[in-house]
Amino acid sequence: MNQADIDNQIIDQVLAGDQSLYSELVTRHKDYAFTIAYNILNSKEDAEEVAHDAFLKAFRNLSKFNHTAKFSTWLYRIVFNTAISAKRKVKVTKESIEKYYHFADERASGLEEQDQKKYLNYALSQLSALDKMVLTLFYLKEHSIDEIAEIADMNETTVKVRLHRARKRLAKELKNILKEEALSL
Amino acid sequence: MKAKEITDEQLLDYLDGNINQPDRELLTKIIEEHPEVKARLRDLEQVDSILSEMTVKQTSAQFVTSVMDDLKNKPYSIKKGGFLIVLVAIFTVLLGAYFTVSDMIDLSIIKQEDYYSQLWQYIPNTINLKTLNTVLLGALSLFSLLIFDKTVLKPFFQKRKYHY
């Protein structure tokens with residue numbers, strides 16, 4: 001039985017009245033939902049709040065889930081929409097690159113690798129929320145292009161074009177950032 | 001295919017393994033022979049390599065408990081806007097019923113136009129304003145009941161059904 005079938009079984013039991021089983025669905029998808037929200041909002045607290053709200057919304061609308069798509073596809077669409085609403089409420093402030101130093105992967109071994117990640121995270125912050133979500137879903141490798149298209153509410157070709165443009169832009173931003181950093185030394 | 005014609009999209013397809021074998025061999029040859037194309041590929045590879053290390057982040061330890069607690073305490077939110085719409089509708093219905101008049105609207109002026117004569121043979125010469133008023137108020141009452149059901153009654157009964 002694959003993951004989608006397990007999710008559907010749990011959903012059927014929750015709709016039959018066993019609400020406590022919803023905690024299983026939350027446990028299975030919370031980290032992924034949190035990661036999508038985090039990559040859009042760049043704040044752990046905000047991302048957790050968004051993921052929390054998304055799970056509540058998903059529960060309230062569970063009877064409308066039609067089983068034709070995966071539960072995760074449907075849920076991550078809710079997460080994305082909730083994150084967008086939350087992002088609109090946050091005032092846009094100019095952030096320094098140094099903020100993104102803390103977002104560097106803890107596994108990064110050398111200083112150069114940490115710096116690269118810091119700069120890439122800063123460059124990522126310049127992308128639109130949709131581009132960030134598409135990149136997150138693509139690189140976490142749990143969804144195919146057509147599933148990503150469904151989550152993002154666009155067709156496959158558009159997803160591929162967005163992926164290409166986002167990566168091109170990141171490469172360009174990274175180059176510019178490294179040039180500025182070199183000049184400031 | 002010339003080096004100048006190679007787009008970043010082609011290089012990304014090359015990176016992702018989304019091109020056929022003959023094109024792949026041709027691109028590999030161009031990349032090896034043209035340092036500027038190689039440099040562009042390297043920039044894209046760098047981004048791809050770092051993004052590939054993206055990992056799933058963890059929520060806090062009490063996340064699941066927090067969600068389930070909220071579901072237990074407030075599983076369904078009754079929309080306050082629904083109450084407001086119903087109140088406005090009831091107010092409108094009451095005012096409309098109180099101030100309704102018994103005048104008639106005379107349609108004979110319009111009916112004199114020859115162009116519309118075939119259409120208007122099915123329409124009476126006058127319309128009672130009170131009847132029109134009653135129909136509109138009835139429609140408004142039905143609409144407000146539907147809104148009340150969707151925003152207040154349904155969440156209330158679903159909350160009772162799932163209470164544990």
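**View 1. Contact between helices α1(A) and α2(A) in the predicted model**. From α1(A), the residues A:Gln3, A:Ile6, A:Asp7, A:Ile10, A:Ile11 and A:Val14 take part. They meet A:Tyr22, A:Glu24, A:Leu25, A:Arg28 and A:His29 of α2(A). Sorted by class, this contact has six nonpolar, two polar and three charged residues. Helix α1 covers residues 3-15 of chain A, and helix α2 covers residues 22-41 of chain A. Two packed helices are described by the angle between their axes and the distance between the axes. Here the axes come within 9 Å and cross at roughly 150°. Angles over 145 degrees count as roughly antiparallel, and α1(A) and α2(A) are therefore roughly antiparallel to each other.

**View 2. The salt bridge between A:Asp7 and A:Arg28**. Side chains of opposite charge can pair when their charged atoms come close. The side chains of A:Asp7 and A:Arg28 meet in this way, with 2.8 Å from N to O. A:Asp7 belongs to helix α1 of chain A and A:Arg28 to helix α2 of chain A. The two residues are 21 residues apart, and the pair links distant parts of the chain. Over all chains, the structure holds eleven salt bridges.

**View 3. Packing of helices α2(B) and α3(B)**. Helix α2 of chain B runs over residues 21-33. Its axis and that of α3(B) are 5 Å apart, and the packing angle is about 110°. Angles of 65 to 115 degrees count as roughly perpendicular, and α2(B) and α3(B) are therefore roughly perpendicular to each other. Which residues meet in this contact? B:Ile30, B:Ile31 and B:Glu33 come from α2(B), while B:Pro35, B:Val37, B:Lys38 and B:Leu41 come from α3(B). By class there are five nonpolar and two charged residues, and no polar ones.

**View 4. The interface of chain B with chain A**. In this interface, 35 residues of chain B are in contact with 43 residues of chain A. The two chains bury about 3,900 Å² between them, and 64% of this area is on carbon and sulfur atoms. How many residue pairs are in polar contact between the chains? The count is eleven, with both residues at pLDDT 80 or more. On the side of chain B that touches chain A, the elements giving two or more residues are α1 (8-16), α3 (35-51), α4 (63-73) and α8 (129-162) of chain B. The residues of this side divide into 16 nonpolar, eight polar and eleven charged.

**View 5. A salt bridge between the chains, A:Lys168 with B:Glu9**. The closest N and O atoms of A:Lys168 and B:Glu9 are 3.3 Å apart. Between chain B and chain A, the count is three salt bridges.

Conventions:
Residues are numbered from 1 along each chain as its sequence is written. Chains are lettered from A and ligands numbered from 1 in the order in which they are written. This is a predicted model: local features need pLDDT of at least 70, side-chain atom pairs count only at pLDDT 80 or more; totals for chains, interfaces and linings use all residues. Side-chain values use heavy atoms; hydrogens and water are left out. Contact means heavy atoms within 4.5 Å. Buried area is the accessible area (1.4 Å probe) that two parts lose on being put together, summed over both. A salt bridge is a side-chain nitrogen of Lys or Arg within 4 Å of a carboxyl oxygen of Asp or Glu. A polar contact is a pair of N or O atoms within 3.5 Å; within protein, one must be able to donate a hydrogen and the other to accept it, and residues adjacent in sequence count only if both atoms are side-chain atoms. Helices (H or I, at least four residues) and strands (E, at least two) are DSSP runs, numbered from the N terminus. Ala, Val, Leu, Ile, Met, Phe, Trp, Tyr, Cys and Pro count as nonpolar, Asp, Glu, Lys and Arg as charged, and the others, Gly among them, as polar. Axes are lines fitted to C-alpha atoms, for helices over the stretch in contact, and angles run from 0 to 180 degrees between N-to-C directions. Angles under 35 degrees count as roughly parallel, over 145 as roughly antiparallel, 65 to 115 as roughly perpendicular and the rest as oblique.
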